[in-house]
Each structure stands twice: as structure tokens, then as C-alpha cells.
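Subject: Structure handover and findings

Hi,

Here is the structure for you to look over. My notes follow below it.

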Amino acid sequence: MSAIVLDRVGVRFPLFGARARQQQPGASLSVGGAIAWSGRGRASVVALDGVSLTLRDGDRVGIIGHNGSGKSTLLRVVGGVYEPCRGSLHVSGRVLSLFDPMLGMSTECTGRENVVLRGIFVGRTPRQALTKLDEIAEFSELGAYMDLPLKTYSTGMQLRLAFSIATAFEAEILLLDEQFMAGDAAFMEKAERRLKAFVARAGIVVQASHSEQLIRDTCTKVVLLEKGRLAMAGEPGEVFARYRETRAAEAVRAR
Amino acid sequence: MAAARSEAEWRRPSRLRAAIDDMVEGARHWPQWFTLGNIDIKLRFRRSGLGPLWSTLSFAVLAAALGLVYSRLFGEPVATYLPYVVLGLFVWGFLASTLQEACDVFVAAEHALKQYYVPRTTLVYRALWRNLVLLGLNFTVVAGVLALCGTRPAPAAPLALAGLALLLLGLFPASLLLALATVRFRAVARIVQTALPIGMLVTPILWRPATPELRDVAEMNPFYFAIELVRGPILGEAPPPLLWAAAAGCVVILLAAALLAFGAVRHRITYWL
């Protein structure tokens, strides 16, 4: 059984080298997290602040919010990239992050070697990764190209391969950042079917997106982040209503 | 959906524990770092004709050039001086390139570390393995020089393997420390780059610690321990037990320091990248 429990999770990024000028009092930013100042003039960006969330098997969760509201950071905390500065995190189940489709791949290496490389980054041994080779070659339709270096591929072919590899390794918990999909039109359709099936097999899916349509289509729960805080969590309908309200209010204030 | 839990219920394992777990988990992932290291070597020497043998060839040329020139300078017969130099450079080259590359271990993997969780030490083991492979290839030059100069390895030669093992045991924590330090203070890589050539000149590699003063200088130098424990047994100058003890002491100190530092900042690596 997969589960994700975040308890008052806080994440702050230290700003090195950028001893930015202290923010004018009263100025309010509509994008990005708050900037916190320590006594010694050191700045850090508050990316997440007191986020508590419990997700269970079967949850399909969409994360929405402005640019810099903490969507990607939240995904990366769950993925084990950032250990929370405050609060605690408990994750059970194998996690797979689908952020950058080309991650860990080298254009100097062959398609086959990239299957291994990518497999390594998702915690598989080279041998385990190679068991997926035939399936990946077939789905990506790359055939003989699997033994040529990636730099001989077209951009579209590279993305085909990247996508096929990324969705070959199963996981209980899937984390999706927006803009993961790409490729030519014919492949898109095929890729979408594969992604849907892949996602359906996972226990928990968390995805960040700006697309209301996508989230309404695929998610059972929606989490709204505002400047790193969890503003609301619940049914897609009510959360989107609240999201539109705050955006409208901001637009009025900006006028 | 939100759940308020008591702190105790989700208490984190201690940082030190997490550091040890990372080292163990990283080591267990050996097929990963083994493969990554091999691919690194392949990519570094791609389309270069000789492949990784280039590194061996450049080592051979360096050893031959320095050996021939400095044997004149020191007035020592080439047949005894060359084996001494080639063994010193053999260990030094490994040690220096491992320390230099250690600085880049986390910085170079920034993109991946910000997307996936991998045990941090996997990347340290990978760099060590990569350098160990090149060391293995360089051994052919050592063997060739010893044969050419008619130097029969001393009966104590197998002890050199123990020296090498001790060196590896020290290089792991040293690499980890440098990798961590560079993530936070990028200048460390530059400092190491400046310090290493100086280290080569002050360590008995080209010269012998023949006088009491020179011996005093050498015996304060951990690089000397590393080199002499491999070189000495092969050339039949068995290192005194005190040297083994000093080297072991350095390893223990490095391990303790690396464990403490890793425990303290392991969770900050991705924040600092």
C-alpha cells in the first residue's frame, strides 16, 4: 500500500551570492514565495510553509497555483530531492518522478546505453533495465537506431525514446510535472494512451499543472498552493472555484 | 485531507544514521556506480583512437621523461631511479586525480540530483571506481618499467596491496569531504587545483627522503604515507610499522570527519546546488 503523509512541511532555499536588497515594507509579490530575511541580512525564499497533506492509495491529485507557488517544490519534496527544513515527510512505495523526459540521458550514448543510464537513475540495476529494452525499442519504433548514439537521432526521435524509457519503469507513486509530453502528432496519440495506462497502474499520482481541463479529467483531488502555503484541498470543482476567486480579487487589486 | 500528527509519531531517523544508511545503500547499488563509472571513461575517451589507453600512454611518457631527466640531476642510475619514480607517480596520479574529480561529484550531477533521489554516495563511489580503472591500466606501465630495469619485486611486494587498500579507504572519506565542501563553497575546487601540484613537489616522488631533515618533512605528509606504503614493499624497502600506524590514523580521522560532515549536511546538498 502506498501512502504519502506530509506534516507541516516547510522548505526554504538559501540565496547565496545574491545579497538582494531588502524588500520594501508593504510591497507584495503575486508570484513566487515570500523572501525571508535573517538578522544578518541573509535571504532565503520560502518555497513551502506548513504544508500538511495525507494521500492514500487510489488518490489522483492535481496541484495548482501561480508560478512560484511551490508546485514543483512539493513534487520534489515527495520525490526525496529536498528533505523538508521543517516538519516531516513519510512516503511508502516506490516513487517515480516524470519531470524532465531526457533526464540522465547522454546524446553520446546509444539508445541501448541510455536505457541503462535512465534505469540507473530510477534505481534499477543495468540488468533490470535491459529487460525493458525490447519493449522500449518496439514502442518507440526506433528499431536499429537503438544501437546508434542519440546524437544521430532527430529531436523527435530523442523524445520518443525518452518518453518510452521514462514510462517503462513501473512505480507505486508517480509524480508528474507539467510539460512532460512531447513528440510528433502520430506518436502523441500513442504516447497519451501509454501514459494513461501507465498512470492507471500507479497507486498514487500527483501532478502539477496549469491546465484546468487536464486536472478535471484526471484528478480526484486538487490542492491549491498560494505562496508556498496550502490554501485549499478538496474536490476539483470547489478548489477551482476558489482559485478563480483569488485570481479575480488579485486582478481587481492590481487595477 | 490535512492531517495533524504529533512530532514523535514521524520522528526522523538521526542525521548520522541517515548518513550511514546512505553509504551502505550507495555501496549496495554497485551495479549502478560500476556502470556509470565505465560509461564516464568511455565518454571521456570517445573517438580518441586508443581510448582510455591514452591516459596510460601519457603516464608512461611523463614517467619516462621525469625519470630520465631527474636521474641525471640526482646522479642516480636510471635502473634504480626509474622504478622509484614510476611507482611514486603511479600512486600520486591516482590520488591527485581522485581528489580533483571529487570536488565535482555533486556539482556535476546537479540536474539529476534535483529531479531524482539517488543515494549521494553512489556518485562518490562512481568517481572512485572510474579512477581505479585508470589506475589498473597504468599498472601495465609500472610492470613494464620494473621489467625493463630488471627490478625483481621484493618478497614483501604483496604488502603493497594492503597499502593500496588503505589508500582507497582514505580516499573515500576524503572525496566525500571535498565533494560536500565544494557544493557549499565552490572555491574549494580551485584551491585543490592549486594545492595538488605543490603537493606533488613537496612529497617524495621525484626525490628521496635521504637526509634526516627531509625525512622529517616527509613524515608529516600523509601523501607520503600513501605513496610509500605501495612503493616501499615493491622496491624492498619495507615501510616501518609506525608508517602503517600513521596511515591508519589518517584513515580513521578522515572517516570520522566525513561521517560527521556528511551527517550534518547531507540533507542540504540539493539546497546548495
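I start with a loop in chain A. A:E141 is found between α4 (133-140) and α5 of chain A. Helices here are DSSP runs of H or I with at least four residues, strands are E runs of at least two, and both are numbered from the N terminus. The phi of A:E141 is positive, about 60 degrees, although A:E141 is not a glycine. A:E141 counts as partly exposed because 14 other C-beta atoms lie within 10 Å. The cut-offs: buried takes 20 or more other C-beta atoms within 10 Å of a residue's own, exposed takes 12 or fewer, and partly exposed is in between, with C-beta atoms placed from the backbone.

Two points on conventions. This is a predicted model, where local features need pLDDT of at least 70, side-chain atom pairs count only at pLDDT 80 or more, and totals for chains, interfaces and linings use all residues. Residues are numbered from 1 along each chain as its sequence is written, while chains are lettered from A and ligands numbered from 1 in the order in which they are written.

**The sheet in chain A**

Chain A has an open sheet of 4 strands, in the order β2-β3-β1-β5, with antiparallel pairing. Its edge strands are β2 (35-37) and β5, each of which pairs on one side only. Neighbouring strands are turned by 35 degrees against each other on average, direction ignored. Axes are lines fitted to C-alpha atoms (for helices, over the stretch in contact), and angles run from 0 to 180 degrees between N-to-C directions. Helix α1 (residues 71-78) of chain A packs on this sheet and touches β1, β3 and β5 of chain A. The direction of α1 makes about 60 degrees with that of β3(A). Contact means that the C-beta atoms of two residues, placed from the backbone, lie within 7 Å.

Now the pairings, strand by strand. Two strands pair if DSSP finds at least two bridges between them.

- β1 (residues 3-14) and β3 (residues 43-56) of chain A are antiparallel over 9 bridges. A:P14 has A:S44 in β3(A) as its bridge partner.
- β1(A) and β5 (residues 86-92) of chain A are antiparallel over 6 bridges. A:I4 is bridged to A:V91 in β5(A).
- β2(A) and β3(A) run antiparallel and are joined by 3 bridges. Here A:I35 has A:V45 in β3(A) as its bridge partner.

**Helices in chain A**

Helix α5 (residues 155-166) of chain A has 12 residues. It reaches 16 Å from its first C-alpha to its last, close to the 16 Å expected at 1.5 Å a residue. The expected span is 1.5 Å times one less than the number of residues. Because 9 of its 12 residues are buried, α5(A) is largely enclosed by the rest of the structure. Among the buried residues are A:L159, A:R160, A:F163 and A:I165.

A:L130 sits in helix α3 (residues 126-130) of chain A. It has 15 C-beta neighbours inside 10 Å, so A:L130 counts as partly exposed. Leaving aside neighbours within four places in sequence, A:L130 is in contact with A:V115 and A:V116. A:L130 and A:R112 are 18 residues apart in sequence, and their C-alpha atoms are 7.9 Å apart in space.

**Chain B**

Chain B has 12 helices and 0 strands. Its C-alpha atoms fill a box of roughly 80 × 45 × 35 Å along the principal axes. Of its 273 residues, 36% count as buried. Take the contacts in chain B with a separation of 6 or more: residues 24 or more positions apart account for 78% of them.

Chain B also has a positive phi in a residue other than glycine: B:R47, near 55 degrees. B:R47 lies in the loop between α2 and α3 (53-74) of chain B. With 6 C-beta neighbours inside 10 Å, B:R47 counts as exposed.

**Where the chains meet**

How many residues of chain B are in contact with chain A? There are 23, and they contact 33 residues of chain A. On the chain B side, α2 (30-44) and α12 (269-272) each supply at least two residues. The largest share, 6 residues, comes from α2(B). By class, the chain B side has 14 nonpolar, 5 polar and 4 charged residues. Nonpolar covers Ala, Val, Leu, Ile, Met, Phe, Trp, Tyr, Cys and Pro; charged covers Asp, Glu, Lys and Arg; the others, Gly among them, are polar.

Best wishes
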